[in-house]
2 protein chains.
Amino acid sequence: MPDYKAPLRDIRFVRDELLGYEDHYANLPGAEDATPDMVKAILEEGAKFAEQVLAPLNLSGDQEGCTRTDDGEVRTPKGFKEAYQQYVEGGWPGLSQSPEHGGQGLPESLGLSIGEMIGQANWSWSMYQGLSQGAKRTINAHGTEVQQQVYLPKLVSGEWTGTMCLTEPHCGSDLGMLRTKAEPQADGSYRISGTKIFISSGEHDMAENIVHIVLARLPDAPAGTKGISLFIVPKFLPDANGEAGERNALVCGALEHKMGIHGNATCVMNFDSATGFLIGPPNKGLNCMFTFMNVARIGTAMQGLAHAERAFQGAMSYARERLQMRSLSGPKHPEKPADPIIVHPDVRRMLLTTKAFAEGGRALMYFCSKQSDIASRSNDEAQRQEAESLLALLTPIAKGFLTETGFEAAYLGMQVYGGHGYIAEWGMEQNLRDARISTLYEGTTGIQALDLIGRKVLGSQGETLKAFTRIVHRFCKANAENEAVADLVKQLATLNKEWGEVTMKLGMAGMQNPEEVGAAAVDYLMYAGYVTLAYFWADSARVAAEKLAAGTSEENFYRGKLHTAKFYFQRILPRTRSHLAAMEAGRGSLMDIEEGEFLAEG
Amino acid sequence: MPDYKAPLRDIRFVRDELLGYEDHYANLPGAEDATPDMVKAILEEGAKFAEQVLAPLNLSGDQEGCTRTDDGEVRTPKGFKEAYQQYVEGGWPGLSQSPEHGGQGLPESLGLSIGEMIGQANWSWSMYQGLSQGAKRTINAHGTEVQQQVYLPKLVSGEWTGTMCLTEPHCGSDLGMLRTKAEPQADGSYRISGTKIFISSGEHDMAENIVHIVLARLPDAPAGTKGISLFIVPKFLPDANGEAGERNALVCGALEHKMGIHGNATCVMNFDSATGFLIGPPNKGLNCMFTFMNVARIGTAMQGLAHAERAFQGAMSYARERLQMRSLSGPKHPEKPADPIIVHPDVRRMLLTTKAFAEGGRALMYFCSKQSDIASRSNDEAQRQEAESLLALLTPIAKGFLTETGFEAAYLGMQVYGGHGYIAEWGMEQNLRDARISTLYEGTTGIQALDLIGRKVLGSQGETLKAFTRIVHRFCKANAENEAVADLVKQLATLNKEWGEVTMKLGMAGMQNPEEVGAAAVDYLMYAGYVTLAYFWADSARVAAEKLAAGTSEENFYRGKLHTAKFYFQRILPRTRSHLAAMEAGRGSLMDIEEGEFLAEG
């Protein structure tokens, strides 16, 4: 795969030109240090780390994978540990953590920009630090003061990492079935026993200690989701000095053999009367866990963007170099034995699709992280609530839609390479294998879709949806006469209205039969994603047209934005038609067939 | 992955109930032996071989892969060689080969049914025998009598296998650039020198000899595609008795490290003044090669079907067993801790999509192979010509569309498994990795699309298209009042007409600028595929409705067909709307952007 280049110019476009991050930081309480100069310096340092330290370990990490010794220790691929050391020494883990626990207190959205580059350079590696984010948030939100004092400084410094232990062999989406037990002890601690699977970064050699956040049941817990509690179960029990002390009774029982993300250790974790500490109220673990899940879902949405960006970069580089056949409109490089394949319309269709998903996805991600800043820091209650509504709506869209389109981009990125795409050394097949997990973990696309339409949209009587369609509506109204984008705005306004209408219809149908909602859910999610990205592309086009009109030395960059917006509206957005038709088909098209009628033998 | 079960019932449906194979064989010259009883017995034996011998080697073959010794010998995975032995002993390689060379002379379409099951059981293994088909065809069509006598009996018996050596490191789609040289010798043979890559089954330990069909250039050859000749280059030169004799100067230089099909040896082949024999006229190699390519493309289309069928079977088995959450309309199995996930609408959407692609794809494949029988055996010139036209049109559709939808099915088959789909032991991720090559080799989807719209449809002034749309039109007319399928027929008739109209428009636009055709090509191919499958689903529904009306003990099977047809029309066919819109967007949406405008830095 060609060298990774951090997309700093486009990050700057999205942050500063599209979403007004400079003003946003200037008005955000506690973001005083995030001056434009500081932000620029941090982004450039992050880019260097991603490009120079992490990207070179991506292919080798995939090929080497992780290994486990008989006593359950896990060795990560060559270079991973040293890279993590550098990451800790550079102070990156604490970038947007509270100064109270040793962090630098910068806005979370800045951490997300660094996370973008790190994840693009090497997704497997990035998961070792990524899982810690959720652990930190959970302890921050639900831990006692003592728990915060014991665990947060170590997690913030990066000396320790974290995990989330939810899934068991017989339950994934349906956590109500989980069986791991927690027995109370006289000293207030608990004995945790059970088997957890698919534990990313569950065991490794990169940090001194690993803090597992584990879902388990108390002895008297009610059945189902209302009887789940959350526990902190560290690999080494903190000693009196807060250092990693006695080894706890948990062990990595096996590493999963999986399709991709080979550089990350996906562990079966066996808890055998391990000492754990209740975090949050008993039996309310699932509620507390959502703190964790939302972070993880935004992180996974970022993975979708990561693979789209890598696909775009990889395909661009090959399309400009690979010589094969002549342009249909006559040779473009008669001095060469053939034209570079970027002259071919269908190669451009694939390149533009990856570009549209990567750059459109970036806009959506940074819009979300701006809302996240506001939700956690603003002093204005109404602003905070609006930001919460937008995040509630956009988190499942970002997770579901950006991972699906990220996978499509990875597919097309490979396709541009022809047969060479199938060969490991080019890295494009790794990009596809790594991308494939993103629509499965942290809630499959189907689960995101039910969360979106059921819990978020219909569950709020449409309020969360309106929080976003209102913004789109305002944009369309303001730009209806803006010649540079009027065509796009017209289409967008129609879809924005239609989105509301189809939601209303589904809500009505769902009252008769909830399966009407389930039958439409994934098509609804994809429809929502395409319309959401259309808004960001229309707005990007608006900004680009303004820059061009004002005069700029970067004409190519802004013209590229205009062309990609046009491409997106003309060739991608019509997919809403098939999703709409599928939604309108109703439950019968899926539910009328009996189980015994699927197979020839019943 | 669950055990593979050969879909004999559906094969019988497609062959006998939908496409009238019994009558077809009764009227086909030289197919006298293919009586219904004989066909049934052969299909059942083939199913047994696929299920019991090949399927058990699929996962282990993937995990073990092929290994190469320093002197270029290749060892295939454990069991592959023995399975091949059984295959040869069973007489399978000669099933539909000419009795003149030791074959059994049965119709090629019967060979295709066996090929379907073999490929589904173990795609990597099936490629060792699959590549031989093209070699046999080529020597049959273009070889001298001596060449036929020397090579065909050994290939027909399966003692020897074949390959096709086209691609070189710098040229794949653009064969005009190839450099491998052929120097004439005094004895009438040639010295072949050059490097070929991506040679499937290029070297292995399963057969006594390997017959390479190699594209190379004569010293005085014109540049480009008009200077390519075809050569037979055997691994061991046949001796006076026709047995494998002296080792030829060609060697497997390396095995490619690739995403999937690990059980098949994908070789770099080095020809170092190897002895070769011209086959067909000098400089006409590309024409001769199309004999080869068409077989290979139909074979690869079959791979699309294979992965769709495996996805469907695998996902069905998991969806009926995995318990997770309750049905949205209330518990369906209150005695269990949760309902099987087949109760959930979105799981059904995925199952029905894989089913629709697998069974619809099967109908298309068997329709093609019926045409292939007619084209090669009928005594009626008009019949033969119609069959040729249909095959010309449907080959790129089958190859392009069935591999794209086969990949989608493999994707969804994994998705049904949730996180478990990503784990190797379930086999669903192998199915996806194996499927991924199918849209790349034997001409990418983009190449198929140009072949379809450029060479086949517009190149024949629409004649090949009309050969098929006429059949669809007749069907629609005959069934317009058939209540059981009238809804489907109405939609189909509209699309069938629209297909002609959009073709006309593209033809006109292409006369102004050929890039208009290139810009629409892949969307045209997918559009064509969806309409083509709609015809087969509508006709399948007609048959099913008739069977149900007449009374049957297999109500479940036929009702399943009706429901799947309805699903296909309601939820899949609307995708034609987005492809149509993309086609109508025209070349500007792809070509207006300058190369320097794609990336931020130009």
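**View 1. Buried residues of helix α12 of chain B in the predicted model****.** Helices are DSSP runs (H or I, at least four residues), numbered from the N terminus.

**View 2. The interface of chain B and chain A****.** Contact (heavy atoms within 4.5 Å) involves 100 residues from chain A and 99 residues from chain B. About 8,900 Å² is buried between the two chains, with carbon and sulfur atoms giving 61%; buried area is the accessible area (1.4 Å probe) that two parts lose on being put together, summed over both. On the chain B side, B:Tyr422, B:Arg571 and B:Phe598 lose the most area to chain A, together 10% of what that side buries.

**View 3. A salt bridge between A:Arg320 and B:Glu595****.** The two side chains meet at 3.0 Å, N to O. Between chain B and chain A the count is 8 salt bridges, each a side-chain nitrogen of Lys or Arg within 4 Å of a carboxyl oxygen of Asp or Glu. Helix α17 (residues 555-572) of chain B supplies 10 residues, the largest share of the side of chain B that touches chain A.

**Notes.** Residues are numbered from 1 along each chain as its sequence is written, and chains are lettered from A and ligands numbered from 1 in the order in which they are written. In this predicted model local features need pLDDT of at least 70, side-chain atom pairs count only at pLDDT 80 or more, and totals for chains, interfaces and linings use all residues, while side-chain values use heavy atoms, with hydrogens and water left out.

How values were computed: Helix = DSSP H or I, 4+ residues; strand = E, 2+ residues; numbered from the N terminus. Buried < 20%, exposed > 50% of the residue type's maximum accessible area, 1.4 Å probe, protein only.
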